[in-house]
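Me: I would like to go through the terms used for this structure and see what each one rests on.
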There are 2 protein chains.
Amino acid sequence: MNSENEKPAVILLSGGLDSATVLAMATNQGYRCHALSVNYGQRHHSELLAAERVASAMSAELKTIQLDLRAFGGSALTADIDVPEEEGEGIPVTYVPARNTIMLSLALAWAEVLGAGDIFIGVNAVDYSGYPDCRPEFINAYEEMANLATKAGVEGTRLTIHTPLLDLSKADIIRQGLELGVDYALTVSCYQADDEGRACGVCDSCRIRASGFEAAAISDPTRYQ
Amino acid sequence: MNSENEKPAVILLSGGLDSATVLAMATNQGYRCHALSVNYGQRHHSELLAAERVASAMSAELKTIQLDLRAFGGSALTADIDVPEEEGEGIPVTYVPARNTIMLSLALAWAEVLGAGDIFIGVNAVDYSGYPDCRPEFINAYEEMANLATKAGVEGTRLTIHTPLLDLSKADIIRQGLELGVDYALTVSCYQADDEGRACGVCDSCRIRASGFEAAAISDPTRYQ
């Protein structure tokens with residue numbers, strides 16, 4: 001591996017299917033991967049254990065930050081609001097206010113300390129839940145801002161927010177991840193997985209994941225409750 | 001007070017001179033003020049007590065979020081690096097990587113849950129320490145991004161980041177604050193204040209604060225060690 005291929009990068013890792021694929025992609029591109037996971041008081045804390053399994057399987061450093069977003073609430077994932085079990089209209093109640101903005105800001109802090117000019121996030125604008133902070137225009141604006149926010153910005157070094165899944169269908173994400181050797185049995189996508197990481201099978205995230213495996217004609221390794 | 005004047009706003013409150021003035025300004029403009037303070041593991045934790053005193057004196061709700069940025073380090077305020085006692089060149093070691101980006105992102109989350117379209121931050125580009133995330137171009141880019149990040153952005157409601165101190169000298173900030181009744185004896189600016197909130201008198205922040213009182217020809221209520 002030459003020095004060009006040893007650039008550090010920060011990868012936001014939730015423990016779900018998407019971010020596990022992103023970590024595999026960044027690793028495959030030769031980055032030295034620093035995975036960042038956030039314990040924000042999410043209902044599905046078993047995704048944090050999944051993040052540990054995934055990072056360990058791909059030999060990435062993992063840092064887990066404690067930041068309890070239940071202090072603000074406003075989401076089915078951080079307040080006492082039921083996770084819907086049927087598809088609805090508009091932005092779903094599982095949307096966590098400003099979550100990706102906060103996560104990217106933590107990644108930005110770590111990137112600056114590491115001297116990393118690359119941050120990876122697994123947002124997707126095809127088979128997704130309609131969250132405002134998964135849209136390409138948000139990511140572009142975030143990158144603009146980030147390039148003014150830090151020392152690197154002042155010194156003229158460019159920071160890039162990589163979104164390799166942005167235009168992929170869930171089926172394509174799964175196909176590409178499998179090619180890179182991702183073990184999806186390690187991941188947890190469900191919004192209300194139990195402590196053993198077994199999925200409910202009925203929430204939005206479970207439905208999108210299951211359709212992805214179906215569309216890719218790949219057997220779904222998800223363990224259900 | 002009419003309904004137009006009862007709009008909620010989130011005010012980033014550090015417990016220092018600048019943010020106390022901003023809180024007074026927002027209160028004076030008729031906003032219902034929700035003050036946000038962040039315990040990020042800063043060396044000068046007595047500023048958190050100062051934030052409590054300031055919020056209480058101005059009858060603002062205060063929420064203190066725990067987010068330990070020592071996990072990343074990279075600053076004299078969050079790592080084992082000495083606070084400089086003389087003026088230096090370039091961006092000082094007291095700069096905390098991505099701090100204002102992170103703080104604004106937490107404020108954004110709370111604003112979204114409150115339905116607030118206004119966030120106040122006490123950044124200043126005149127008598128300041130040269131931090132990249134205090135520059136007007138950063139704030140403008142942040143506002144752009146924030147308007148794409150949230151539900152409000154999707155629904156077309158505009159979010160504004162207010163920076164009423166941006167172009168004021170420290171002396172002007174103090175003069176305006178005193179007119180609004182700010183008790184600066186409650187505030188702590190020092191980067192290495194002791195547990196009683198007494199200032200060192202030699203750090204960058206102490207020097208800027210003391211010059212401000214001097215330039216304004218106002219007796220400095222700061223308690224020194």
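Me: In which hand does α6(B) cross α7(B), right-handed or left-handed?

Reply: The crossing of α6(B) past α7(B) is right-handed; a crossing is right-handed if the near helix is turned clockwise from the far one by less than a right angle, and left-handed if anticlockwise. The model is predicted: local features need pLDDT of at least 70 and side-chain atom pairs pLDDT 80 or more, whereas totals for chains, interfaces and linings use all residues. Residues are numbered from 1 along each chain as its sequence is written, with chains lettered from A and ligands numbered from 1 in the order in which they are written.

Me: Why are α6(B) and α7(B) called roughly perpendicular?

Reply: Helix α6 (residues 170-179) and helix α7 (residues 204-215) of chain B pack at about 65°, their axes 7 Å apart. Angles of 65 to 115 degrees count as roughly perpendicular, and α6(B) and α7(B) are therefore given that name.

Me: What makes the relation of chain A to chain B that of a two-fold axis?

Reply: A rotation of 180° with 0.0 Å of shift along its axis superposes chain A on chain B, with an RMSD of 0.0 Å. That is the relation of a two-fold axis. Copies are superposed by least squares on C-alpha atoms of residues with pLDDT of at least 70 in both. Within chain A, L67(A) comes closest to the rotation axis, at 2.8 Å (C-alpha).

Definitions and conventions
Axes fitted to C-alpha atoms, helices over the stretch in contact; angles between N-to-C directions. Helix = DSSP H or I, 4+ residues; strand = E, 2+ residues; numbered from the N terminus. Parallel < 35°, antiparallel > 145°, perpendicular 65-115°, else oblique.
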